[in-house]
Amino acid sequence: MDSSSGKTPQTSTPAKFFEKHRQAILSFLDSQRQSAVSRTVFAAVAAAVLLGTGFSAVSAADRPADETVAVASADREENDQAGRSAERDEATDTEAAEKATEKETETKAPEPKKAEPKPAPDWVVPSPAPISDVYGPRDWRGGEMHYGTDFAAAEGADNVAAADGVVVQSGANGGYGLGITIEHANGVVTVYGHHSKLLVSVGDKVKAGDVIGLAGSTGDVTGPHLHFEVYVNGAPTDPVKFLKDKGVKV
Ligand SMILES: [Zn+2]
């Protein structure tokens with residue numbers, strides 16, 4: 001920043017000019033002390049101005065004395081040019097300073113790569129069969145609540161895990177007949193009922209789409225189908241709405 005201080009003017013007119021500029025520079029620097037970028041930019045401008053003044057001083061010193069008036073006039077022109085040049089330099093230097101600041105930031109504080117948040121498990125429909133009964137109160141049973149979605153799966157058809165998870169129940173389960181319960185991430189549990197055959201055991205880790213059992217008509221049924229329930233943090237949830245919210249085409 002002080003590299004320009006060596007260029008001391010050698011004649012009185014440019015020396016005054018320099019002195020005038022120097023005072024302006026010093027007072028400006030003082031007012032801009034809190035801004036590093038402004039200091040950098042202004043230092044560049046100051047250097048350009050001083051450089052112009054220095055060149056004027058040297059050229060004036062080399063000229064004969066009888067050209068003093070002409071020199072003084074020329075100095076004004078040169079200084080005006082230096083001023084305009086400094087304005088252009090300022091624009092360039094501002095960009096350069098901004099780039100330098102960006103580069104410095106990149107170099108000094110490299111952003112540590114944050115671990116990607118674990119994506120929610122992908123969900124699939126537990127049976128390709130058409131839906132035969134929906135979640136909600138059943139008119140034909142006097143308003144009894146149906147806590148799941150029924151898929152009209154044929155006897156022996158594949159029932160699949162709706163998402164990655166761990167089997168927490170597999171076996172006879174009251175009205176569900178041969179049932180399976182799977183625990184998933186984020187407090188979600190799915191229940192599958194009425195199998196003719198179970199293909200997973202408690203503790204098994206399953207992936208979305210894995211065949212877990214074959215459809216049947218065990219338990220409280222009027223015909224073979226898959227009864228499918230979804231619980232979110234213990235609360236029964238409409239499976240169709242849940243799957244649709246997960247982006248699954250149901
Ligand atoms: Zn059902």
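Hi everyone, let's begin at one glycine. Leaving out residues up to four places away in sequence, Gly 187 touches Val 232 and Asn 233; contact here is when two residues have C-beta atoms, placed from the backbone, within 7 Å. Before going on, two notes on reading this. Residues are numbered from 1 along each chain as its sequence is written. This is a predicted model, where local features need pLDDT of at least 70, side-chain atom pairs count only at pLDDT 80 or more, and totals for chains, interfaces and linings use all residues.

Back to our glycine. Gly 187 sits in the loop between β7 and β8. Helices (H or I, at least four residues) and strands (E, at least two) are DSSP runs, numbered from the N terminus. Is Gly 187 buried or exposed? Gly 187 counts as exposed because it has 11 C-beta neighbours inside 10 Å. The cut-offs are these: buried is 20 or more other C-beta atoms within 10 Å of the residue's own, exposed is 12 or fewer, and partly exposed is in between, with C-beta atoms placed from the backbone. The C-alpha atoms of Gly 187 and Gly 234 are 7.7 Å apart, although 47 residues separate the two along the chain.

Now the wider view. The chain has 4 helices and 12 strands, and 28% of its 250 residues are buried. Of the contacts between residues at least 6 apart in sequence, 63% join residues at least 24 apart.

Where pLDDT is low, the predicted coordinates should not be read in detail.

Next, the strands. Two strands pair if DSSP finds at least two bridges between them. Strand β6 (residues 165-172) pairs with strand β7 (residues 178-183) in the antiparallel sense over 6 bridges, and Val 167 stands opposite Ile 182 in β7. The hairpin of β6 and β7 has 5 residues between the strands, and in it Gly 174 takes a positive phi near 60 degrees. β6 also runs antiparallel to strand β9 (residues 205-206), joined by 2 bridges; there, Val 166 has Lys 205 as its bridge partner.

Then there is β10. How many of its 5 residues are buried? The count is 4, so-called mostly covered. Strand β5 (residues 158-160) pairs antiparallel with β10 over 3 bridges, and β8 pairs antiparallel with β10 over 3 bridges. Look at Leu 214 in β10: it is the bridge partner of Asp 158 and of Lys 197.

Of its 25 residues, Ala 153, Ala 161, Ile 180, Tyr 192, Ile 212, Ala 215 and Leu 226 touch the most other members. β7, β8 (188-198), β10 (211-215), β11 (226-232) and α4 (239-245) each supply at least two residues of this core, and β8 gives the largest share, 4 residues. Beyond its neighbours within four places in sequence, Ala 161 has contacts including Ile 182, Val 206 and Ile 212. Thanks, everyone!

Definitions and conventions. Core = buried A, V, L, I, M, F, W, Y, C linked by C-beta atoms within 7 Å.
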